[in-house]
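Hi,

Here is the structure I promised to pass on.

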2 protein chains.
Amino acid sequence: MPDLKNDRFIRALLRQPVDKTPIWIMRQAGRYLPEYREVRAQAGDFMTLCSTPDLACEVTLQPLRRFDLDAAILFSDILTIPDAMGLGLYFEEGEGPKFKSPISSAADIEKLGIPDPNQELAYVMDAVSLIRKELDGKVPLIGFAGSPWTLATYMVEGGSSRSFSKIKAMLFADAKTAHALLAKLADSVAMYLNAQIEAGAQAVMVFDSWGGALTTPHYQEFSLAYMQRIVDQLTREKDGDKIPVILFTKGGGLWLDQIADTGCDALGLDWTINIGQARQQVGDRVALQGNMDPAVMATDPDTIKREAASILADFGNGSGHVFNLGHGITPGITPDNVAALVDAVHEFSIPYHQQ
Amino acid sequence: MPDLKNDRFIRALLRQPVDKTPIWIMRQAGRYLPEYREVRAQAGDFMTLCSTPDLACEVTLQPLRRFDLDAAILFSDILTIPDAMGLGLYFEEGEGPKFKSPISSAADIEKLGIPDPNQELAYVMDAVSLIRKELDGKVPLIGFAGSPWTLATYMVEGGSSRSFSKIKAMLFADAKTAHALLAKLADSVAMYLNAQIEAGAQAVMVFDSWGGALTTPHYQEFSLAYMQRIVDQLTREKDGDKIPVILFTKGGGLWLDQIADTGCDALGLDWTINIGQARQQVGDRVALQGNMDPAVMATDPDTIKREAASILADFGNGSGHVFNLGHGITPGITPDNVAALVDAVHEFSIPYHQQ
């Protein structure tokens, strides 16, 4: 593998000195890019795009051709694992993901196998290897997975939910069954991420999209404990290079201390918490990734630059910050606004990294 | 007006000694009750139900006939104010509220009048007077309104939203226009709540359903500042009785300190924060209302009792707690589960109020 030409992202996650604050954007390979919409139309459906390594590689690289981003992220979906477990993932136009065979009982859970990443999920590993090769050391490649809790919500509810009534009823009234499911998912995610690392991922991120819907004790017991179980199993170094781990609980602002204590390298922050306050809370335990409100991207370059400057100032001097939005970029954004953000972060952050 | 036979709710909000922890339930007059669904069907549409004092009174009283609740809450909707401003509120079956004429410019906002509560909103005042009379002092009556920020989201987005893209673009790129709208709404809400107090409401609550979607500085500037403006204008005592004020920001767990500093009497808590931790944070500045996860109600009486006991224990000894869910009760809940909760809270809380 060629040497990394731009290692700002990795260094910031490890809180090592950098020249500028690195930036990447959640869903940077996505519908706001006309060239993405073209490949997506070509692929027909979303899962074909995810499961065809050539196409997944192409859309992963698209944003890097336009913008001076400091990392690439594998184009895939968090629900590949439950799909590989046999639940039958599908997407209906204009709706969220759905499963043909949701989970509803302890017996269903008993039957679930832990997918072999190099068999049922070989298409993901092929995409990782191919992207890594095509990147040719330009920037690092991020691998990712959904958190066990987040995956479990889709598997039990049968798709997206706002109230999580079925799975929460399970947590409250049948915790043992929930733990059996979450343990299986944690081990599956750990194996899956380790396989991505083996295939070439240089950092990994766990997306806990729905942890923020839980009570404080349930977050600890049913979400964070299983992210801890993943962190404990991950390959943290490969060929002499550290492989940083980022944990991101959307709506997790109340629990930053506990997340930092898992031994991960960095926390993803949504936009609700002030990044300066978050830094005070976590101290030098972890780096921080985030946290601009994605709604800023719908304004204009001047507003975007002002807000970027404000977040950089809130974080303050030194390394340990990876700039990002607090959630994925939305489909209606003009690419020019993304260029304005990326350039502003690089330009405005220089003074914070001078001794 | 007759004397209040059960003043536990008012006393708890004022942190005065009580014999048991009082309880009421957000949306206690709602679709989970068959008798509600009957009156709702009779009324035809939701706004007819809200705007017909006899019907609004009937559904307000229904849950009190079934359960030993410690407060009644006016049956109405938070969007009566924008409707009275001329935006044309309507509800489509199976969807959220919508406005025929959403707001989109400074000129639109300039044209908005502050509704006279005793003219355009006289139907609400008539309902309050009638309910108060029919309650005959059984329990206190809560009046309510939406927070300025929450009302503004519906008025600018034209209905419900998840991303709040239009109004957030206004906050980021045209704050002056947003402030003009919010100031008008705050003054309208204050007049509206004072008129409800005049008509007989014995406590008032401001529902900030969407404050939790904001960044920390935006929450302070665009939501909390205008709730403060309301608190500052409210009638806090009538005929020698204090009129407590409750502020509830869903997803506001990061900002409890600042909310407590507004001078309100109590904070509503959603279910994500631990009520014991919240109490430690706010000290003796305010009472707390909440905070069981509404998902518990879909389980069984034993689970409900266990969870109620756990929240009472987390709050601990002494007055200053009004038990409630952390959000509205959902339509599918069986009334027997509600009875189990109400009785458990009364029974299990006695030891916490003995000297």
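**Helix H8 of chain A**

Helix H8 (residues 148-157) of chain A has 10 of its 10 residues buried, so it is largely enclosed by the rest of the structure. Buried here means 20 or more other C-beta atoms within 10 Å of a residue's own, exposed means 12 or fewer, and partly exposed is in between, with C-beta atoms placed from the backbone. Among the buried residues of H8(A) are A:Trp149, A:Tyr154 and A:Glu157. Just after H8(A), A:Gly158 adopts a positive phi of about 90°. Helices (H or I, at least four residues) and strands (E, at least two) are DSSP runs, numbered from the N terminus.

Before you go further, please note that this is a predicted model: local features need pLDDT of at least 70, side-chain atom pairs count only at pLDDT 80 or more, and totals for chains, interfaces and linings use all residues. Residues are numbered from 1 along each chain as its sequence is written, while chains are lettered from A and ligands numbered from 1 in the order in which they are written.

**A:Tyr90**

A:Tyr90 sits in strand S2 (residues 89-91) of chain A, and it counts as partly exposed because it has 16 C-beta neighbours inside 10 Å. Leaving aside neighbours within four places in sequence, A:Tyr90 is in contact (C-beta atoms, placed from the backbone, within 7 Å) with A:Lys98 and A:Lys100.

**Chains A and B**

Here, 26 residues of chain A are in contact with 26 residues of chain B. On the chain A side, H9(A) gives the most, with five residues.

Best wishes

How values were computed:
Two residues are in contact if their C-beta atoms, placed from the backbone, lie within 7 Å.
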